[in-house]
Amino acid sequence: MSAVQLAYEQLKAYEGRSASAACVGKDLVNEPMIRHWCEAVGDTNPAYQGPDAIAPPTMLQAWTMGGLSGHTDRSGAYDELSGLLDSAGYTSIVATDCEQEYLRPLRPGDRITFDAVIESVSERKTTKLGTGYFITTRMDIRADGEPAGTHRFRVLKYAPAARTREAAARTPEAAARTPETPEAAARTPETPDAAARTPETAEQPQASQQPQTPQASQRPQAPERPQTPRQRQAPDRPRARRPRPVVNRDNAGFWEGVAGHRLLVQRCTGCRTLRFPWLPGCNTCGSAEWETVEASGAGTVFSYVVMHHPPFPAFTVAEHGTDARRPQANAPRPHAGAPGPDPDAPDPGASTPYAVGLIELAEGVRIVSNVIGVPYDKVRIGMPVRLEFLRVDEELELPVFRAAEGGEG
């Protein structure tokens with residue numbers, strides 16, 4: 001179904017209409033929810049504990065959520081607007097951002113009430129995902145009748161962009177980055193020519209790509225090595241690229257360390273507390289001064305999940321050759337004379353299902369990453385693991401953790 005451009009005046013008429021009115025939070029602000037929130041995000045600020053505790057400001061929306069059963073006092077304006085866009089072909093939706101304003105602290109025992117209004121509907125916009133309209137909803141939140149804060153939530157209702165045959169073979173993220181013009185597409189790193197320059201291809205160049213002297217060209221050619229089952233099954237198509245991590249001024253040092261095969265942990269210079277992931281300040285004492293400590297690479301599986309669906313090529317090790325099986329800077333080296341890894345042997349955990357672990361490092365902090373080296377169903381809590389660095393494409397390496405020898409027992 002092709003999307004139809006709607007009259008902007010028709011959509012603008014929804015601005016200012018109520019999305020919900022006189023809603024009441026299902027629970028009072030309470031200590032157990034505050035404690036669970038703080039434990040989940042690792043926030044140990046003393047303001048959120050004790051007899052005079054307040055709720056973390058970022059919990060503002062948590063007290064308004066309806067849970068699985070939802071709220072029954074929601075008005076129909078938002079559903080009507082959404083249905084209008086659906087009927088015009090804008091059937092997809094993605095959340096884009098939210099903004100919060102805090103007017104007073106929330107304390108255990110506060111009764112939360114709130115109203116929501118459709119604040120704005122944008123003119124039609126064209127994005128990499130497709131063409132559609134941004135809808136902003138504003139929620140005004142009160143605590144025991146006093147204004148407590150404002151929560152704005154913005155979504156894009158859109159018609160997905162038409163995908164080319166080549167783009168259809170890529171992941172949704174890669175398709176979203178597809179340029180809109182053929183000239184721009186020719187410059188993207190995801191063209192077949194650029195895909196042919198990935199590190200795996202560079203390490204095993206074809207004979208036709210090598211400059212040959214007259215003498216070399218007259219020599220008999222060595223027989224071609226038979227293809228492995230994995231090579232025979234791999235389609236000849238552009239490789240899915242893993243989405244890029246967000247690098248900013250607060251975590252740039254971590255990614256610089258990864259590029260040098262070093263896993264760096266922050267340490268507060270005030271109270272000497274280690275922290276991970278990287279933060280601009282210390283949760284324990286509030287100091288903004290810190291230094292780095294290089295992790296030894298040893299750790300254990302504190303918890304884990306197994307990813308079954310969807311099979312997403314950009315996140316499977318099998319898409320990126322055998323780099324993860326190679327010992328890296330912090331990995332133990334094999335003893336002299338020990339046989340190396342069989343390049344044709346399947347790597348447990350190399351495709352879906354695969355295990356994602358919460359790894360407790362020997363230094364005491366925890367990091368989320370893939371657990372490799374054993375089948376996903378052999379991963380166990382307490383299993384010893386060791387740091388390696390996995391090259392996923394020509395630009396990106398990531399820290400992963402291989403089960404130590406004998407770890408699955």
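Tutor: This is a predicted model. Begin with helix α11: what covers its buried residues includes β7, β13 (384-391) and β14 (397-403).

Student: Which residues of α11 are buried?

Tutor: In α11, residues 252-259, the buried ones are F254, G257 and V258. They lie on the same side of α11, because they cover an arc of only 100° around the axis. The general idea is that an α-helix has 3.6 residues a turn, so residues three or four places apart point the same way.

Student: Which exposed residues does the face turned away from the buried side of α11 carry?

Tutor: That face carries E256 and A259. Just after α11, H261 takes a positive phi of about 60°.

Student: How do I read an aromatic pair?

Tutor: Take the distance between ring centres and the angle between planes; over 60 degrees counts as edge-to-face. The rings of F254 and W255 have centres 5.0 Å apart and planes at 75°, so this pair is edge-to-face. F254 is buried, with a relative accessible area of 8%.

Student: How many aromatic pairs does the structure hold?

Tutor: It holds 5 aromatic pairs. Ring pairs link F254, W255, F276, W278 and W290 into a cluster. A ring can also face a charge: the charged end of R366 sits over the ring of F302, 3.6 Å from the ring centre.

Student: Now the sheets. What is the general idea of strand pairing?

Tutor: Strands of a sheet pair through backbone hydrogen bonds, either parallel or antiparallel. Here, an open sheet of 3 strands has the order β8-β7-β9, with antiparallel pairing. β8 (274-275) and β9 (290-294) stand at the edges with a single partner strand each, so one side of each has no neighbour in the sheet.

Student: How many bridges pair β7 with β9?

Tutor: Strand β7, residues 264-268, pairs with β9 over 5 bridges in the antiparallel sense. Within this pairing, Q266 has T292 in β9 as its bridge partner.

Student: Which strands pair with β6?

Tutor: One of them is β5 (residues 130-143), which runs antiparallel to β6 and is joined to β6 by 14 bridges. D140 stands opposite T150 in β6. Strand β2 (residues 92-102) also pairs with β6 (residues 146-160), in the antiparallel sense over 10 bridges. There, Q100 has H151 in β6 as its bridge partner.

Student: What happens between β5 and β6?

Tutor: They form a hairpin with 2 residues between the strands, where D144 takes a positive phi near 50°.

Key: Residues are numbered from 1 along each chain as its sequence is written. This is a predicted model: local features need pLDDT of at least 70, side-chain atom pairs count only at pLDDT 80 or more; totals for chains, interfaces and linings use all residues. Side-chain values use heavy atoms; hydrogens and water are left out. Two strands pair if DSSP finds at least two bridges between them. Helices (H or I, at least four residues) and strands (E, at least two) are DSSP runs, numbered from the N terminus. Rings of Phe, Tyr and Trp (its six-membered ring) pair if their centres lie within 6.5 Å; planes under 30 degrees apart count as stacked, over 60 as edge-to-face and the rest as tilted. Buried means under 20% relative accessible area, exposed over 50%, partly exposed in between (1.4 Å probe, protein chains only). A charge sits over a ring if NZ of Lys or CZ of Arg is within 6 Å of the ring centre and within 35 degrees of the ring normal. The arc is that of the directions from the helix axis to the C-beta atoms. Contact means heavy atoms within 4.5 Å.
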